[in-house]
Every structure is written in C-alpha cells, then in structure tokens.
Amino acid sequence: MTGTTTADASGPAAATDRQMGLTQSTSLVVGSIIGVGIFSLPYSLAGFGPISLVAMGIASLTAIAFAVLFAALSRRLPADGGPYAYSRAAFGNGIGFANAWSYWIDACAGNAAIAVGWVYYVEHFVNPGGATGVSMLIALTCLWLPAVVNLFGIRSVGEFQVVTVVLKFIPLLFMATVGLFFISSRNFSVWNTSGDSSLSAIGGAMAICLFTYLGVETAAVAAAKVRNPRRNIPRATVLGTLASAVVYMLSLTAVFGILPAAALALDENRDSYAAATNSILGGSWSGDLVAVAVIISGLGASNGWTMICAEMPRAAAEDGLFPGAFTRTNRRGAPVVGIVCSTLFASVAVVISFWGTDGSTVFTTLVLMTGITAAIPFGFSALAQIVWRVRDRRAGFTPHFLRDVVVAVVSLAASIAFIYYSRNTGDSWYVVWGPFLMAGAALLIGVPVYLAERGRMRPPEPVEYDPSRL
C-alpha cells in the first residue's frame with residue numbers, strides 16, 4: 001500500500017520540515033480533540049441536566065478505549081489514512097472505500113461543527129442578536145482561515161497546533177482547578193431534566209459527548225506526516241487522549257456546578273465557559289478573556305481538522321480509491337485539491353445546517369451527523385483488530401491478545417451505540433432524524449465516485465504478522 005510505504009519512513013533521513021515529532025503529533029491529537037466542542041457542550045447538554053456528567057464519564061472511558069485501539073493498530077500498520085487503511089487492509093477495497101468516504105464526511109462535518117460552535121464565542125463580541133446570515137459568515141471564516149494556513153504546508157500546521165493547544169488549555173485548566181471551589185451542590189439537585197428515563201438521557205447525552213473526543217485517531221490518519229510513526233503515533237494518541245479526558249471531566253463538572261442547567265440552556269449563555277468564569281470572578285472581563293482563548297482554540301482545532309480532511313482523500317487516492325486529483329500538492333507539499341474540496345464540503349454543511357434551524361440545534365445536528373459517520377470507520381477498525389488478533393493467536397502470536405480483543409469489542413459496541421443514540425431532539429421529524437438524513441445523503445454521493453474509481457483500485461498489500469509490533 002502506498003500509504004504504508006510513505007508512513008514507514010523513520011530515522012534522520014525522515015526528520016524533515018514536512019514531518020511532525022512527538023510534541024507536534026501529540027499537539028495535533030489534543031488540538032483536534034479539544035476544539036470548541038467542549039466549550040459549547042454545556043449549552044447542548046443543558047436539556048439533559050447534570051446527568052450528562054455520567055455520559056461524559058462513559059464517553060471518556062470509551063475514548064481511552066479508542067485511543068488504545070488506534071495505538072495498537074498503528075504499531076501493526078502505520079499507514080497514512082488510519083481507520084481507512086485498517087479497514088481496507090482487512091476487508092478489501094469495497095469496505096475500504098466506504099470507510100474512507102465515511103471518514104471524510106465525518107472530518108468535514110466535524111470541521112463544520114467546530115465552526116458553528118466557534119460562532120457562539122465570536123458572538124460574545126459581535127452580532128449579539130444572532131442574525132443568521134452574519135452567523136454563517138462567521139462560521140465560514142473559521143473554515144477558510146485554517147485552510148489558508150494549511151496551504152502553506154505541514155510546518156505551519158504543526159507550529160500553529162502547538163501554540164493554540166497551549167492557549168486552549170488555559171480556560172479549561174482554570175475551570176478544572178479554581179472552578180471546582182465554586183460548585184454549588186443545589187445545581188445537582190435536579191439530576192435529570194430531560195423528562196426521559198435515566199438510560200435514555202445518558203445515551204442521548206453520550207452521543208453528543210463522544211463528539212468532543214473525535215480526534216483520537218488524527219495522528220494515525222496523518223501517519224505520513226509523523227516522524228518515526230511506530231513510536232510516536234501510539235504515544236501521541238494515548239497521551240493526547242488522557243490529557244483531554246482529565247480536563248474534560250473536571251471542567252465540565254465545574255460548569256454544571258457553577259450554573260444551573262436552566263441557565264446553561266439560555267441563548268445568552270451559549271458561551272458557557274465564559275459565563276461560568278464571569279460567575280466566579282464577577283463582571284465581564286474574565287469571560288471576555290475566556291472567549292478570546294476559545295476563539296483561538298477553535299481556529300487551532302479547525303486547522304488540524306483541515307489537514308485531516310485533506311489527508312484522508314489523499315491517502316485513498318494514492319491507493320486508487322479516490323480521484324487522482326486529491327494527490328496533487330503545491331510546492332510546499334500541501335494537498336491543494338483535498339484542502340479546498342474539504343473546506344467547500346464543510347461550508348455546504350454549515351449553510352444547510354443553519355437553514356431552517358437555530359440555536360443549539362444547528363450545532364447538535366452537525367455533531368450527531370459527525371458521530372454517525374465516525375462510528376462506521378471506528379467500528380470497522382475494531383473489527384479489523386479482532387480479525388487480525390484471532391489470526392495472530394492461531395499463528396501462535398499471543399502477547400496482549402486478551403487486552404487487544406477486549407478493547408476492540410468495547411470499541412465496536414461503543415460505535416454501534418454511537419449510531420443508535422444519534423437522534424436529535426425536537427418536534428419535527430426532519431429535525432429528529434436530521435443527522436441520519438444528512439449522513440445518508442452524503443454517503444449516497446459516494447456511490448457514483450466508487451463506481452467511477454473501482455476500475456483503477458489497486459489491491460491492498462497483505463499485512464505482515466510481526467509480533468514485535470504488537
């Protein structure tokens with residue numbers, strides 16, 4: 001596989017300006033996980049109430065399972081494309097294409113969701129009335145500024161990620177430490193505000209919470225851009241996910257403890273972390289600082305996701321599954337066609353989502369659509385791991401067998417649950433099933449692309465069984 005050869009480069013010869021080391025690849029994972037999703041999450045979860053903290057706990061454990069899964073898979077197959085590469089190597093080009101297309105939709109829709117969540121914090125300063133047209137323009141700015149950064153090449157992307165990761169941790173760490181001292185127990189007295197059973201509330205909230213962890217796989221997807229991938233990808237994946245999980249749980253607990261769910265549901269508190277910070281320190285200056293940090297954070301997350309949006313179709317195109325135009329790069333090595341097409345795709349998703357809906361519904365619809373399309377390649381990655389580990393056992397390679405199979409089974413079950421609970425809330429059927437309708441339409445667009453490309457698809461190379469990589 002072309003992607004495998006590219007990603008396997010290591011050592012001094014590979015240490016070029018076009019590759020990321022452990023710090024930059026960990027920053028890519030953290031920067032992709034911590035976008036604006038967590039900062040917009042309390043507003044989206046307010047309808048469920050503090051029971052959402054249980055959902056976040058389950059989502060955090062699930063994310064760690066996904067991180068361990070992708071860490072193990074990347075040691076076996078450090079191929080560019082990550083989940084796409086695993087499903088193609090295990091199940092062939094047909095399944096590989098479906099997973100590549102689904103993940104590409106996931107990345108583009110996820111980038112669109114970041115842009116919509118970014119709007120909440122930009123509108124802390126401008127467009128206080130929330131005029132839809134202005135909100136759309138703000139969201140599109142969040143998509144196209146990072147696209148320009150990506151066009152300048154991987155060195156610009158990596159340096160931008162390190163800077164923005166540091167800045168985005170400041171409000172999270174503040175809330176995860178100082179904020180805990182300002183929790184009021186009465187804000188937890190009404191535990192479930194959804195009107196549904198606890199199980200349904202946890203399931204619905206978990207589908208939204210899991211969106212904030214999408215990004216655990218980004219180092220694996222960008223394997224060709226990572227120096228010494230067999231060493232750095234597993235470490236970056238696990239370290240980045242653990243760091244994100246700790247600040248997520250603590251900071252979200254603080255926000256729900258500082259402001260009651262009824263207050264978090266108000267449009268004026270869409271910028272939940274800014275509102276909670278103002279409640280702690282008084283006035284509005286502290287919330288303004290948090291809003292600025294989140295705005296920078298959103299640009300950093302969109303920056304990383306723009307690269308991932310381009311890397312997936314490029315890896316698939318090199319294997320003959322996507323149109324060859326996606327392999328074209330500029331003189332800085334940036335995949336121009338992938339960056340532009342992916343940003344256009346995300347822009348269309350933003351416009352469609354704003355059309356006919358408003359408030360948290362726009363963000364939640366994109367979040368749930370992203371979850372559906374991410375669950376497909378995540379689930380097939382888990383299946384690939386199960387198949388390979390069973391073959392390993394038959395061949396006598398048993399190290400870490402139980403750990404890897406248990407993690408893969410948990411990841412597969414979580415992927416199925418992710419899809420099941422991705423229904424929206426609302427009175428209109430097209431709002432409730434909006435995530436499925438948008439995901440289904442986007443997946444169907446891939447059918448003619450597959451039919452056009454299947455004649456030039458190269459068969460995947462067999463995966464080597466090397467116990468030293470397990």
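The legends below accompany an overview and several close-up views of a predicted model.

**Figure 1. Overview of the predicted chain and its helices.** The chain comprises 470 residues, of which 59% count as buried, and its secondary structure consists of 19 helices and 0 strands. Among contacts between residues at least 6 apart in sequence, 84% join residues that are at least 24 apart. The chain exposes about 17000 Å², and carbon and sulfur atoms supply 67% of that area.

**Figure 2. Close-up of the largest nonpolar core and the surroundings of Tyr121.** The largest nonpolar core holds 132 residues, and the members that touch the most other members are Ile34, Ile38, Leu45, Tyr121, Tyr273, Phe322 and Trp388. Helix 6, which spans residues 93–122, gives the most to this core, contributing 19 residues. When residues up to four places away in sequence are not counted, Tyr121 touches Phe39 and Ser40, the run Arg270, Asp271, Ser272, Tyr273 and Ala274, and also Ala291, Val294 and Ile295.

Figure 3. Ser251 is found in helix 11, which covers residues 229–258, and its relative accessible area is 0%, under the 20% limit, so Ser251 counts as buried. The side chain of Ser251 reaches the backbone oxygen of Val247 at a distance of 2.6 Å. With residues up to four places away in sequence left out, the residues touched by Ser251 are Leu172, Met175, Ala176 and Tyr273.

**Figure 4. Close-up of a nonpolar surface patch that includes Phe182.** Six residues, Val178, Leu180, Phe181, Phe182, Val246 and Leu250, form a nonpolar patch on the surface, and together they have about 550 Å² of accessible area. Phe182 lies in the loop between helix 8 (154–177) and helix 9 (198–209). The relative accessibility of Phe182 is 41%, which falls between the limits of 20% and 50%, and Phe182 therefore counts as partly exposed.

**Figure 5. Close-up of the salt bridges around Asp404.** A search of the whole structure finds 8 salt bridges, among them the pair of Asp404 and Arg389, whose closest N and O atoms are 2.9 Å apart. This pair links distant parts of the chain, with Asp404 in helix 17 (residues 401–420) and Arg389 in helix 16 (residues 360–394), 15 residues apart. Asp404 has 4% relative accessibility and so counts as buried, and Arg389, at 0%, counts as buried too. Asp404 also meets the side chain of Arg403 in a salt bridge, with an N to O distance of 2.9 Å, whereas Arg403 is partly exposed at 35% relative accessibility.

**Figure 6. Close-up of the salt bridge between Glu453 and Arg456.** Side chains of opposite charge can pair when their charged atoms come close. In this view, Glu453 forms a salt bridge with Arg456, and the closest N and O atoms of the pair are 2.5 Å apart. The two partners fall into separate accessibility classes, because Glu453 is buried at 10% relative accessibility, while Arg456 is partly exposed with a relative accessible area of 36%. Elsewhere, salt bridges that share partners join Arg76, Arg389, Asp392, Arg403 and Asp404 into one network.

Conventions:
Residues numbered from 1 in each chain as written. Predicted model: local features only at pLDDT ≥ 70, side-chain atom pairs only at ≥ 80, totals over all residues. Heavy atoms only, no water. Patch = residues over 30% accessible without salt bridge, like charges linked within 9 Å, V, L, I, M, F, W, Y side chains within 5 Å. Areas by Shrake-Rupley, 256 points an atom, 1.4 Å probe, with all protein chains shown as cover. Salt bridge = Lys/Arg side-chain N within 4 Å of Asp/Glu carboxyl O. Helix = DSSP H or I, 4+ residues; strand = E, 2+ residues; numbered from the N terminus. Buried < 20%, exposed > 50% of the residue type's maximum accessible area, 1.4 Å probe, protein only. Contact = heavy atoms within 4.5 Å. Polar contact = N/O pair within 3.5 Å; in protein donor to acceptor, adjacent residues only side chain to side chain. Core = buried A, V, L, I, M, F, W, Y, C linked by side-chain atoms within 4.5 Å.
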